[in-house]
Amino acid sequence: MTVKINENYLLLKSSYIFAEIAHRVDKYQKEHPDADVIRMGIGDVTRPLPKAVVKEFKNAVDEMGQADTFRGYGPEQGYDFLIEEIIKNDYTPRGIKLDNDEVFISDGAKCDTGNIQEIFGLDNVIAITDPVYPVYVETNIMAGRGGPMGEDGKYQGLVYLPCTEENDLVPALPEEDVDLIYLCFPNNPTGTALTKEQLAKWVNYAKENDAIILFDAAYEAYIREDNIPHSIYEIEGAKEVAIEFRSFSKNAGFTGTRCACTVVPKELMGYDGEGNPQALNPLWNRRQTTKFNGVSYPIQAAAKAVYSPEGQKEIKESIDYYMKNAEIIRESLTNIGLKIYGGVNSPYIWVKTPNGMDSWEFFDTLLDKAHVVGTPGVGFGPSGEGYFRLTAFNTLENTKEAMNRISKLSF
Ligand code: MLT
């Protein structure tokens with residue numbers, strides 16, 4: 001008995017929330033083979049890849065089969081042809097100037113938001129909004145930053161910023177001294193967004209307190225209202241205090257194809273043990289070149305096609321489609337008297353469970369009585385207790401059917 005494990009893993013809940021849900025739903029489906037279960041739990045898309053994307057994907061696969069166009073290892077940071085499209089389309093029109101070597105292509109925002117903590121010291125204090133995308137929390141626990149979980153369901157070493165009915169799901173600035181702050185807006189799971197003024201408060205806080213914001217913008221394509229920033233770099237000075245994560249999963253249907261990017265501005269600094277500033281961009285570059293061999297060429301070629309006129313038209317159609325679902329969910333649940341948030345600038349609808357039911361009780365009720373699967377809010381953190389998340393990513397038909405079934409229930 002000499003091999004020691006990383007005991008931090010023992011501090012985690014026994015399974016990842018979406019794995020736990022899948023397990024429970026599979027069990028239910030086995031016991032009720034005739035139940036037509038509608039899944040609105042995990043935020044996975046249902047619309048196919050845009051045709052323009054598939055065309056370039058196939059062309060690139062053909063290139064890989066020809067000696068004169070075959071490519072082996074690509075740059076770990078991604079091909080310039082994709083990086084340039086990202087900068088040109090997502091950043092330049094918003095007045096944000098980025099160099100190619102500030103953008104790192106990867107296989108997902110989940111991986112990048114999980115891996116980024118590796119370039120920071122273990123003694124940094126981490127702040128997370130609560131409820132939160134579990135990856136931010138659990139990757140820090142694995143690394144040894146969170147300590148054990150208290151009886152309140154909070155890891156004792158983390159700073160929780162509650163988003164509740166009382167503050168209209170807008171987190172307050174931390175009272176404690178924190179170093180790294182994870183923000184995701186439009187938010188997963190609550191579906192709420194921050195205005196420019198609200199986000200500017202966080203950027204100013206980070207500047208004044210020498211903190212760094214890890215900003216997950218995976219859902220920016222769903223923003224409908226003006227005055228909601230699509231990138232944190234729309235806020236003046238944010239390049240000195242923020243890393244941004246983007247994804248092709250939710251805007252272009254890449255959940256199963258895998259492509260994303262992370263922006264690490266060159267002016268962003270951390271400090272070594274002697275208090276000397278050290279740029280984070282070369283550290284992330286070092287991490288990626290050592291541990292990652294890049295996203296495959298056909299996938300990057302496919303992602304580039306997202307920015308073609310046809311690609312843009314098709315992704316807009318898909319986003320509009322999901323947002324129509326969001327509207328249907330919002331309307332149906334409001335009509336039966338449920339209190340809901342989100343679904344305006346986001347594909348997620350955050351539902352307050354009726355009659356003080358807890359999140360898992362509501363999960364079981366919907367699964368059993370309506371055969372509809374959602375995500376129990378408590379799976380995203382203690383402040384999610386008493387809430388439930390539904391996604392707008394199913395088909396229009398299934399969304400309507402799910403809402404019909406839920407509307408017939410009496411709570
Ligand atoms: C979710 O349901 O929260 C999403 O699937 C998150 C993700 O993209 O990993």
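User: Where does Asp168 lie?

Analyst: Asp168 is in the loop between β4 (159-162) and β5. Strands here are DSSP runs of E with at least two residues, helices are runs of H or I with at least four, and both are numbered from the N terminus. Bear in mind that this is a predicted model, where local features need pLDDT of at least 70, side-chain atom pairs count only at pLDDT 80 or more, and totals for chains, interfaces and linings use all residues. Residue numbers run from 1 along each chain as its sequence is written, and side-chain values use heavy atoms, with hydrogens and water left out.

User: Why is Asp168 called exposed?

Analyst: Its relative accessible area is 51%. Exposed means over 50%, buried means under 20%, and partly exposed is in between (1.4 Å probe, protein chains only). So Asp168 counts as exposed.

User: And why does Asn227 count as partly exposed?

Analyst: Asn227 has 38% relative accessibility, which falls in the in-between class, so partly exposed is the label. Asn227 also has a positive phi of about 70° although it isn't a glycine.

User: What makes Lys250 buried?

Analyst: Lys250 has a relative accessible area of 13%, which is under 20%, so it's buried. Lys250 is in helix α7 (residues 249-252).

User: How many residues of the shell around the ligand are nonpolar, polar and charged?

Analyst: The shell divides into 4 nonpolar, 2 polar and 2 charged. Ala, Val, Leu, Ile, Met, Phe, Trp, Tyr, Cys and Pro count as nonpolar, Asp, Glu, Lys and Arg as charged, and the others, Gly among them, as polar. Surrounding the ligand are Phe18, Ile42, Gly43, Tyr133, Asn188, Lys250, Tyr348 and Arg389; near means that a heavy atom of the residue lies within 4 Å.

User: Which peptide bond at Asn188 is cis?

Analyst: The one joining Asn188 and Pro189, with omega about 20°. Pro189 is in the loop between β5 and α6.
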